[in-house]
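Please look at the sequence and the structure shown here, and work through the questions below them one at a time.

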Amino acid sequence: MSTAHHAFDAIPELAGVATYESAAEPGLSVAENGRRLLRYHWVERRLMSIMVARITATPVWELKCALALHQWQCAEHADALRTRIGEMRNPVPALDAPPENDPTSAALERFLAALDFAADASEFATGIYGVALPALSAAYRKHIETTNPLVDHPTVRALRFIVQETEDAVAWGVPAIETLCGNASTAVRVDAWRDQLEALLADAGGIAGDQPRPRAGVAQPAGQPPADRFVPRRDERFRGQYNFEFPPHVVYSRPDVPAAERNLALLCKRALEMDVPEMMASFMTERTDQPWEFYRDYSRQMWDEARHAMMGTVALQARGVDWKRDVPLNVSFALRLNLYATPVERQTMLYAIEQSLMPAATGKRFEYETAVAAGDELSAHFHDYDWADEVLHAQIGRRLLKREGISSQDAADRAHDVHEKTWAALDRYRDREPQHNWWPDFVQKTLGVPSAVAGTKDLGPINVFSE
């Protein structure tokens, strides 16, 4: 029987998400869909935690920045997948452990665990950006192509957002891996490492567990995560990582210093802020018994803090400053807290600092107004957004410490003691590099005028309670 055509029939059907023809093809069942989503979720969650744990000891600044971004994106992907899994069946399957009742779940976990055995930055970048994320992207694209685009539109929509970010991360990794594996001996070693990882992933049936497995099992490679993973490091382009004299902590707030110099101090403080994610990585990794929201929220804050460091480097670079060499981006904050404070003490210290930045007269408003007074449009723009982020961070810290029974006042009181004891611990490292005041020479070189504190013998205590 023929059907009469109407002009409106030319309007795309089914809200544009599918055609009648494509929607008439059955796709993945709810059970199979859920099985795969559980695996994707677990991979995203584990990749987030694996990247977090590597940030501190990764010496290559560019890789450190990328890991800060991509761990947060993995957390956001995991969160979206958790939501979709919870929509499809009740009760919700266990989400804080490897997928249950999945015959290759243990093999998938062996692959993920092996990623954390990488010996150096070249192996780690290859494992994440050359093996894990490309495989994850391929699984997502296959899922989108296989599932019914109409009945499973919520999954398709989520995966489209996720696959875009995943493929952006893979694209970033291509030149990074090429650079890190630049010499022949490294390339041979890393190729062998890649082969190991790909064999482990094949033994798991791929990311989705839908691929043929080799007949012979694959043994877990020997290795373990680095023992010193929370000792912060800088690569050879940097100097002064153990020079704990950092005058910008004091100069930025001195009323007798011109706005231009105070603003320059703020830009140096922002660049130094990479030490915050380097510290956060330790308590996010060591606190293994927390609810998902703990990791998700601190994952966002970690990326924000790394982004603040990037803001500082962008502003310094725009001025022609060789910031890797001329600004001693020391590791004191993460070093002393990671090695000489408990995980809860580190978390408490972070919140106390964020809360101390809220008062208008001395905190983030003051920093923004300093940049405005200096006539530095870029710095003002950056500090405007830095201020916005810190409002969120104070909320995160307050909410998550409330679970520990720690109030804002308790945090402030405890943080003071943690600050004092950990600052004293730095005495063990001061002989590694000269402790000298580099600020007057830096100001003269950068601003072309003498520093307002050049003749000041005592700037006051450098061990200020600050980020």
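This is a predicted model: local features need pLDDT of at least 70, side-chain atom pairs count only at pLDDT 80 or more; totals for chains, interfaces and linings use all residues.

Residues are numbered from 1 along each chain as its sequence is written, and side-chain values use heavy atoms, with hydrogens and water left out.

Q: How many salt bridges does a search of the whole structure find?
A: A salt bridge is a side-chain nitrogen of Lys or Arg within 4 Å of a carboxyl oxygen of Asp or Glu. Some of these residues are linked in a network, which includes E32, R35 and D102. Searching the whole structure gives a total of 41 salt bridges.

Q: Is D152, which meets R84 in a salt bridge, buried or exposed?
A: The side chains of D152 and R84 meet with N and O 3.0 Å apart, and the pair links distant parts of the chain, since D152 is in the loop between α5 (121-146) and α6 (153-180) and R84 is in helix α3 (residues 61-88). Helices (H or I, at least four residues) are DSSP runs, numbered from the N terminus. Buried means under 20% relative accessible area, exposed over 50%, and partly exposed in between, with a 1.4 Å probe and protein chains only. R84 is buried at 13%, and because its relative accessibility is 4%, D152 counts as buried.

Q: Which helices hold E345 and K421?
A: The side chains of E345 and K421 form a salt bridge with N and O 3.2 Å apart. The pair ties together parts that are 76 residues apart in sequence, because E345 lies in helix α14 (residues 343-356) and K421 in helix α17 (residues 408-425).

Q: Are α14 and α17 roughly parallel or roughly perpendicular to each other?
A: Two packed helices are described by the angle between their axes and the distance between the axes. The axes, which are lines fitted to C-alpha atoms over the stretch in contact, with angles from 0 to 180 degrees between N-to-C directions, come within 8 Å for α14 and α17 and cross at roughly 110°. Angles under 35 degrees count as roughly parallel, over 145 as roughly antiparallel, 65 to 115 as roughly perpendicular and the rest as oblique. Therefore α14 and α17 are roughly perpendicular.

Definitions and conventions: Helices (H or I, at least four residues) and strands (E, at least two) are DSSP runs, numbered from the N terminus.
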